Amino acid sequence: PIPRERWSYAVIEPLFDALAPQLGHHRKDYMLYGHSAGAQFVHRFIYFMPEARFTRAVAANAGWYTLPSLDVAFPYGLKGSTMEVAALRAAWARPLVVLLGEADIDPKSSALRHTPEADAQGLFRFARGQFFYAQARAAAATMHAPFNWTLATAPGIAHSNKGMAPFALRQLFP
């Protein structure tokens, strides 16, 4: 593994700290939203940076997920990563919304990864998101860990950031 300070996840906090004063606000925390590959970044950010200062995060329509399993090899699970049980428990305690477009059900959608590991999560994004959420919830329950993730859906929306963004705003600002 590369050193933590060189991870793409490690850029978010210093970037926020550098930009906040330039934008004229003094907040010490932030919210995250990612769609598609951005959602893949967001849910992994929660895993690997659970101490980050975000107050709420939304991962919308990820193409595939890193499952919360220390028995499944990275990147489809956490085995072989730097993740430890304590960090996984901390990640589940953070507020993450897994937001899924109910019409994101095309198994031939462009840029949708099809590997045996990804397809085991489901054949399209909506199914994969439901599988991911169920796996995380079950794993947290098995470990008697706090679980502050939620699952939300966007009726009639397929793989569209423009379509998902209004639903994400409702999750970020309930």
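Visitor: Which residues of helix H3 are buried?

Guide: In this predicted model, helix H3 spans residues 85–93, and its buried residues are Leu88, Ala91 and Trp92.

Visitor: What puts them on the same side of H3?

Guide: They cover an arc of only 95° around the axis, and therefore they sit on the same side of the helix. As for partners, the buried residues of H3 pack against helix H2 (37–48), helix H5 (125–142) and strand E4 (149–154).

Visitor: Let's turn to H5. Why is arginine 125 called buried?

Guide: Arginine 125, which is found in helix H5, has a relative accessible area of 2%. Buried means under 20%, so arginine 125 is buried.

Visitor: What makes the approach of arginine 125 to serine 110 a polar contact?

Guide: The side chain of arginine 125 reaches the backbone oxygen of serine 110 at 3.4 Å. The cut-off for a pair of N or O atoms is within 3.5 Å, so this pair qualifies.

Visitor: Which other residues does arginine 125 touch?

Guide: Not counting residues up to four places away in sequence, the residues touched by arginine 125 include Ser36, Asn61, Asp104, Leu112 and His159.

Visitor: And glutamate 13: how do you know that this residue is buried?

Guide: Glutamate 13 belongs to helix H1 and has a relative accessible area of 15%. The limit for buried is under 20%, so glutamate 13 is buried as well. Leaving aside neighbours within four places in sequence, glutamate 13 is in contact with Tyr30, Ala52 and Arg53.

Visitor: Now the pockets. How much space lies in the largest pocket, and which element supplies the largest share of its lining?

Guide: About 260 Å³ of space lies there. H1 supplies the largest share of the lining, five residues. Helix H1 (12–22) and strand E1 (30–35) each supply at least two lining residues.

Visitor: How do the lining residues of the largest pocket divide into nonpolar, polar and charged?

Guide: Nine are nonpolar, one is polar and two are charged. Among the lining residues are Ile12, Phe16, Leu23 and Met31, along with His25, Arg27 and Asp29. Arg and Asp count as charged, so Arg27 and Asp29 belong to the charged group.

Visitor: What is the volume of the second largest pocket, and how does its lining divide?

Guide: The second largest pocket has a volume of about 200 Å³. Its lining has six nonpolar, four polar and no charged residues. Pro1, Trp7, Phe48 and Phe74 are among the lining residues, as are Ser8, Gly80, Ser81 and Thr82.

How values were computed: Residues numbered from 1 in each chain as written. Predicted model: local features only at pLDDT ≥ 70, side-chain atom pairs only at ≥ 80, totals over all residues. Heavy atoms only, no water. Buried < 20%, exposed > 50% of the residue type's maximum accessible area, 1.4 Å probe, protein only. Helix = DSSP H or I, 4+ residues; strand = E, 2+ residues; numbered from the N terminus. Arc of directions from axis to C-beta. Contact = heavy atoms within 4.5 Å. 1 Å grid on protein atoms, 1.4 Å probe; cavity = no way out; pocket = protein on both sides within 12 Å on 5 of 7 lines; lining within 4 Å. Points joined across faces, edges and corners; volume = space filled by probe spheres on them. Polar contact = N/O pair within 3.5 Å; in protein donor to acceptor, adjacent residues only side chain to side chain.
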